[in-house]
Amino acid sequence: MEIARAWLGRPVACACGRTHEVPIAHVHVGPGAAATLSGWLAERGVQRILLVADANTYDVHGREVLAALEARGFAAGVHVFPQRHGLLPDEQAVAAVEAALADAAPDVAIAVGSGVINDTVRYASFRRGVPYVVAATAPSMDGYASSVAAMQFAGVKTTLPAHAPQAIFADPAVLAAAPWPLVQAGYGDLIGKAISLLDWKLSRTLFGEYFCPEAYRMVLAPMRYCAEHAAEIRARSETAVAALFAGLINSGIAMAMMGNSRPCSGSEHHCSHFWDLLAYRGERDHMAHGLQVGYATRWMMRFYRWTARWLQARTANGGRVTQVTLPPWTEAEDQAARSFYGAGAEEIIAAQREKRRWLADHPLPAEGVAADEILAALEPELSLFAAVEASLDAMDIPQDPRGLDLDARQLRLTFLRAYELRSRFTVFDFLVSQGLLAAAVDGVLAEA
Ligand SMILES: [Zn+2]
Ligand SMILES: [Zn+2]
C-alpha cells in the first residue's frame, strides 16, 4: 500500500476541479526510519532538535531515534514523560513541552509516539512557532497528518487549531510491535471508512455535494486491503501492518485535501461521539476511539443493508426519491436538546440549524433521484461488507455491546439521536427524511 506522495508539499490541480494543498512535505515508511529521519533533517540544515516521548515510546523507538540523531552530530534535547499509562493531552502536558521547547530552543521538535504525544507536541510546538516532525510508533489513529490538535482541557475534549507535521517517519518493525489495543483501534478507525465513504457518496448522489474522486480512492483502496488482510495484521506481518499505517496516513492526506473530515468520518463516528457523551455523563466507561468506530461499523453496515433493501423494493417500477427534507427544528427542539444534552446542547442546536440551511441550499434535482442510481452509488462498499464483517471478527472488535459497556437501551438511543450531533448528512438523515428511522432502528435491532 503506497503513501499518496504525489499530493504532498505543493499545490496540485486535481481532476475534481480544485487545487489541493497538503502541508506535509514528506512521509517515509520503511526499515531504518530513524536513520532516514536524521538524514532528512540534516539535508534541511537543521541543527538543534527537541525529542519528545513518553516512557513507553522512548523505549520502543525514542532511544533509537536519539542515537541516530547523535550519530549525525545534532544537538538534541530530550523530554520524556515518565508516564507509562494515562498521559493526557492536557494543560500540564502542554506546559511541560512548552517549557522544554523554551529551554532547548530547537529548530525542530520530534514527536516520538502516537495519539497523545502527537497532539501534545503538535499543539505546544504550534504555540511556540517551532515546526515538528513525527516518528510514529503505532498504527492507532488517522490523525497523524492532521493540523488540528485533539486536546483535553479542564477535563473536556476539545479540538484546537495547530499545525500539521512537516514530515512523518515510521519503521514497519516498530509499528508491527505496537501494543495490540493500539493496532486494533487503528484498524477500527480505518475500517469505519467503509461507512463514511458511503455517507459521502449518498450525499453526493442526492444533492451533488462536492466529491473528490482522488481523495475517495485514496481512502477506499487501503480500507479494502485491510478488510481482506486482517489475518495478516493480526499475525503482525510487517507488510500488512505498514499497509494499515499507510491507510491511516492516506486518510489524513485525504482530509487535508478536502479541508475537512468528510471522507473519513460519517455516521459510524457519530455513534462513537454519542458513546463518548454517555461516558462523560458517567453512564458507561470511556473506550478507545477506534474500537468504538469499529464496533459502530458493524451496526452501520446493518443500517446500510436495511436502506439498500428499502431502495431495492422501489426499483421495480422505476421508483425515485423525490423529497429529502428534515422535519423543521423549532424552539421545542431547542428545549428538548437543552434538556437532553445539557452543556453540549448549543453546539448541537447550531449543527441542526446549519444542516437544514445546507439542505435548503442543496435541493434534489426536480425529477428526484432514481432508487437504482442511489443503490449503484453504494457500490463497491456494499459488496465489501461481508469481508469487513469477517475482518472485524478477525481483529476481535467486540460483537456484544457489553464489550463496549453499552446496553440495549443505550444502543437504541444512539441510533435514534446520533444524527443530531453533527451538521454532516449521513444515512441516518436519509432515514429521518423518509420517515423511516424508527422502523429501521427496530428492524436492525431485531435482526442483530
Ligand atoms: Zn476516527
Ligand atoms: Zn480533488
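Tutor: A crossing is left-handed if the near helix is turned anticlockwise from the far one by less than a right angle, and right-handed if clockwise. We're looking at a predicted model, where local features need pLDDT of at least 70, side-chain atom pairs count only at pLDDT 80 or more, and totals for chains, interfaces and linings use all residues. Residues count from 1 along each chain as its sequence is written, chains are lettered from A and ligands numbered from 1 in the order written, and side-chain values use heavy atoms without hydrogens or water.

Student: Okay, are H8 and H10 roughly parallel or roughly antiparallel to each other?

Tutor: Helices (H or I, at least four residues) and strands (E, at least two) are DSSP runs numbered from the N terminus. Helix H8 (residues 213-228) packs on helix H10 (residues 238-258) at about 160°, with their axes 9 Å apart (axes are fitted to C-alpha atoms, for helices over the stretch in contact; angles run from 0 to 180 degrees between N-to-C directions). Angles under 35 degrees count as roughly parallel, over 145 as roughly antiparallel, 65 to 115 as roughly perpendicular and the rest as oblique. H8 and H10 are therefore roughly antiparallel.

Student: And is the crossing of H8 and H10 left-handed or right-handed?

Tutor: The contact (heavy atoms within 4.5 Å) involves residues including Met 218 and Tyr 225 of H8, plus Ala 243 and Gly 247 of H10. The crossing of H8 and H10 is left-handed.

Student: Which are the edge strands of the six-strand open sheet?

Tutor: The order runs S3-S10-S7-S6-S4-S5, with parallel pairing (strands pair if DSSP finds at least two bridges between them). An edge strand pairs on one side only, and that describes strand S3 (26-29) and strand S5 (75-81).

Student: Which residue in S10 stands opposite Val 27?

Tutor: S3 and strand S10 (residues 167-170) pair in the parallel sense over four bridges. Opposite Val 27 you'll find Ile 168.

Student: What angle does H1 make with S10?

Tutor: Helix H1 (residues 33-43) lies across S3, strand S4 (48-54), strand S6 (108-113), strand S7 (132-136) and S10. Its direction relative to S10 is about 155°.

Student: How many residues apart in sequence are the parts tied together by Asp 189 and His 269?

Tutor: The zinc ion (ligand 1) is coordinated by Asp 189 (OD), His 269 (NE2) and His 289 (NE2) at 2.1 to 2.2 Å. Donors are N, O and S atoms within 2.8 Å of the metal (3.2 Å for Na, K and Ca), and water isn't among the atoms, so sites may look incomplete. The donor residues are spaced D-x79-H-x19-H. Asp 189 is in helix H6 (residues 180-191) and His 269 in helix H11 (residues 267-280), so the pair ties together parts whose separation is 80 residues.

Student: How far apart are the axes of H12 and H16?

Tutor: The crossing of H12 and H16 is left-handed. Among the contact residues are Met 301 of H12 and Phe 385 of H16. Helix H12 (residues 289-315) and helix H16 (residues 381-394) pack at about 155°, and the axes are separated by 11 Å.

Student: What is omega for the peptide bond from Glu 379 to Pro 380?

Tutor: Pro 380 is in the loop between helix H15 (371-377) and H16. The bond is cis, with omega near 5°.

Student: Where is Arg 236?

Tutor: Arg 236 has a positive phi of about 65° although it isn't a glycine. Its place is the loop between helix H9 (230-234) and H10.
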